[in-house]
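Notebook open, pencil ready. Today I am looking up charged side chains and how they pair. Come along and check each entry against the picture.

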Amino acid sequence: MKFATEHLVFNTRKHREYVNITDEVEKTVKKSGVQEGMVLVSAMHITAGVYVNDAESGLIADIDEWLEGLAPYRDDYRHHHTGETNGDSHLKSLLVHHQVILPITDGRLDLG
């Protein structure tokens with residue numbers, strides 16, 4: 001059994017930002033030498049999320065609108081009593097999920 005760990009760092013500038021990391025994950029899979037198996041992609045920040053879908057601007061805008069509708073930014077979250085202002089981000093990350101497991105086939109991500 002083969003294992004490899006790679007930590008990728010992404011710095012965002014906005015309250016909500018979508019970063020397509022597919023190419024970076026592909027490079028990590030290739031570098032690992034794993035031909036058949038799985039890759040766990042996990043957000044290492046509690047308010048970040050990871051999802052798999054088309055990287056199409058209209059869909060990303062729809063996802064953003066959907067998340068904002070379900071967990072809108074508001075000033076009155078109880079979490080804000082701790083001095084933070086990201087209560088909505090915690091809720092949104094629950095909807096998107098914290099990690100995904102993707103298949104590797106012939107040394108590549110098998111996204112279907």
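**Entry 1: a buried pair**

I looked up Asp 88 and found it buried, at 0% relative accessibility. Buried stands for under 20% relative accessible area, exposed for over 50%, and partly exposed for what lies in between, with a 1.4 Å probe and protein chains only. I note that this is a predicted model, where local features need pLDDT of at least 70 and side-chain atom pairs count only at pLDDT 80 or more, while totals for chains, interfaces and linings use all residues. Residues are numbered from 1 along each chain as its sequence is written, and side-chain values use heavy atoms, with hydrogens and water left out.

Which residue does Asp 88 meet in a salt bridge? I found Lys 92, at 2.8 Å from N to O. A salt bridge here is a side-chain nitrogen of Lys or Arg within 4 Å of a carboxyl oxygen of Asp or Glu. Lys 92 is buried too, with a relative accessible area of 5%. Helices (H or I, at least four residues) and strands (E, at least two) are DSSP runs, numbered from the N terminus.

**Entry 2: other pairs**

How many salt bridges does the structure hold? I wrote down seven.

One of them joins Glu 26 and Arg 108, with the closest N and O atoms 3.5 Å apart. This pair links distant parts of the chain, since Glu 26 is in helix H1 (residues 22-32) and Arg 108 in strand E3 (residues 108-109), 82 residues apart. Glu 26 is buried at 18% relative accessibility, whereas Arg 108 is exposed at 53%.

I also checked Asp 76 and Arg 74, whose closest N and O atoms are 2.6 Å apart in a salt bridge. Asp 76 is exposed, at 53% relative accessibility, and Arg 74 is partly exposed, at 36%.

**Entry 3: the whole protein**

I counted three helices and three strands, in the order α-β-α-α-β-β along the sequence. The protein has 112 residues, and 23% of them count as buried. Its C-alpha atoms fill a box of roughly 50 × 30 × 20 Å along the principal axes. Of the contacts (heavy atoms within 4.5 Å) with a separation of 6 or more, 68% come from residues 24 or more positions apart.
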